[in-house]
Amino acid sequence: MSDTITPASASMDLPETAPVEAVAEPRALTPHVAISRVVILVNTLSGSVGPRAVAEVEAIMADYPCEAEIVELVGSTMDAQIDAALASKPDVLFVLAGDGTARAAASKAGPKGPLVAPLPGGTMNMLPKALYGTADWKLALRDALENGSPQCVSGGIVEGQSFYCAGIFGSPALWAPAREAMRTGKLSLAWTYGRRALKRAFSGKIRVELDGGKARRSEALALISPMISKAMDEPVGLEAAAMDPADAAQAFRLAATALFSDWRQDPSVMTQAAKKIRIRARSKIPAVLDGEPTLLHHDTMVTFIPKAWQALAPEREPQGDTV
């Protein structure tokens, strides 16, 4: 009887196989536009951004199959950084910063530039809320990446300053800083702004001419972009709303609501579409452009821009702080 020969390999202990870690599948990018490279500008000092934002953006972008360059904005070089980002020709420029920075980047991009996605990183966030319907920048970033499509944004321009949601001109604009201070819980600052507004309110009406028509005296004027106007279906102009409150209490009520909710039903408000709007006063005109207060020349012209720039945003009905 012959001995049975056992192969040496059979008698040896086989090495243990190392566990294979599951690799998460990348999240799908939007099917509406090709995205291979994006630049994200981040201002960590802006209102609702915070010091961990760069790392948080990196973590989110790791989920998507595209190249992402993240640039932390520095105050003294911010303008040059925006120019450099646009010059690198990304498919999409994301801006996580304040309202003014977002507007500046969009204006520089123009209708032929890359898609721009202004994320809610400021305080009022009028433009991001109109585009994404949220004040959470992380949700807005994912929504744009996964569901966004090119959206043409129209707006207005006055003295080199653009706005894409709404401009408020005249004495009620003075109440906007007080309202925002109240919203963020800064009661002492709200009181200071409120007293300043009271001192300047009713110091003089403005004169408004719509598309070369007859001048009309008014306490205030609101110019609302087609993107968020509930009264316009097509971008044929800015919705011009002239307001003539009967007294201080009524003016305060209109200003305190920041021209939102049911203000169109007020008998002191008259609206129509316009492309060229001349505004005159005896002194400099207080204004708020997309939430940012400014002072304009006593005789100024606002021009409608039908195709100002292109946003990367989902198609949705206006919501939140629309007007």
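This is a predicted model: local features need pLDDT of at least 70, side-chain atom pairs count only at pLDDT 80 or more; totals for chains, interfaces and linings use all residues.
A cavity is defined, on a 1 Å grid over the protein atoms alone, as a set of points where a 1.4 Å probe fits but cannot get out, and its lining residues have an atom within 4 Å of a point. Residues are numbered from 1 along each chain as its sequence is written, and side-chain values use heavy atoms, with hydrogens and water left out.

Two cavities of 30 Å³ or more are present in the structure. Grid points were joined across faces, edges and corners, and a volume is the space filled by probe spheres set on the points. For the second largest cavity, the volume is about 30 Å³. Its lining consists of D99, A102, R103, M126, L127, P128 and D290. Helices and strands are DSSP runs numbered from the N terminus (helices H or I, at least four residues; strands E, at least two). On this basis, α4 and α5 (126-132) each contribute at least two residues to the lining of the second largest cavity. Residues were classed as nonpolar (Ala, Val, Leu, Ile, Met, Phe, Trp, Tyr, Cys and Pro), charged (Asp, Glu, Lys and Arg) or polar (the others, Gly among them). The lining of the second largest cavity comprises four nonpolar, no polar and three charged residues.

Salt bridges were assigned where a side-chain nitrogen of Lys or Arg lies within 4 Å of a carboxyl oxygen of Asp or Glu, and the count by this rule is eleven. One of them joins the side chains of R37 and E69, with an N to O distance of 2.7 Å. This pair links distant parts of the chain, with R37 in strand β1 (residues 37-42) and E69 in strand β2 (residues 67-72), 32 residues apart. Accessibility was classed by relative accessible area as buried (under 20%), exposed (over 50%) or partly exposed (in between), using a 1.4 Å probe and protein chains only. R37 is buried at 18%, while E69 is partly exposed at 34%.

A further salt bridge connects the side chains of D83 and K108 (3.0 Å, N to O). Here D83 belongs to helix α3 and K108 to helix α4 (residues 99-109), 25 residues apart. D83 is partly exposed, at 36%, and K108 is partly exposed, at 36%. Helix α3 (residues 78-87) also contains Q81, which is buried with a relative accessible area of 17%. Beyond residues up to four places away in sequence, Q81 is in contact (heavy atoms within 4.5 Å) with L41, V71, E72, L73 and V74.

The side chains of D299 and R278 form a salt bridge at 2.7 Å, N to O. Because D299 lies in strand β16 (residues 299-313) and R278 in strand β13 (residues 276-280), this pair ties together parts that are 21 residues apart in sequence. E209, R278, R280 and D299 are linked in a network of salt bridges.

Aromatic rings of Phe, Tyr and Trp (its six-membered ring) were paired if their centres lie within 6.5 Å, with planes under 30 degrees apart counted as stacked, over 60 as edge-to-face and the rest as tilted. The rings of F163 and F169 are edge-to-face, because their centres are 6.4 Å apart and their planes at 65°. F163 is buried at 0% relative accessibility, and F169 is likewise buried at 0%. The rings of Y164 and W309, with centres 5.5 Å apart and planes at 75°, are also edge-to-face. Y164 lies in the loop between β6 (161-163) and β7 (166-170) and W309 in strand β16, so this pair ties together parts 145 residues apart in sequence. Both Y164 and W309 are buried.

Technical notes. On a 1 Å grid over the protein atoms alone, a cavity is a set of points where a 1.4 Å probe fits but cannot get out, and a pocket is an open set with protein on both sides within 12 Å along at least five of seven lines; lining residues have an atom within 4 Å of a point.
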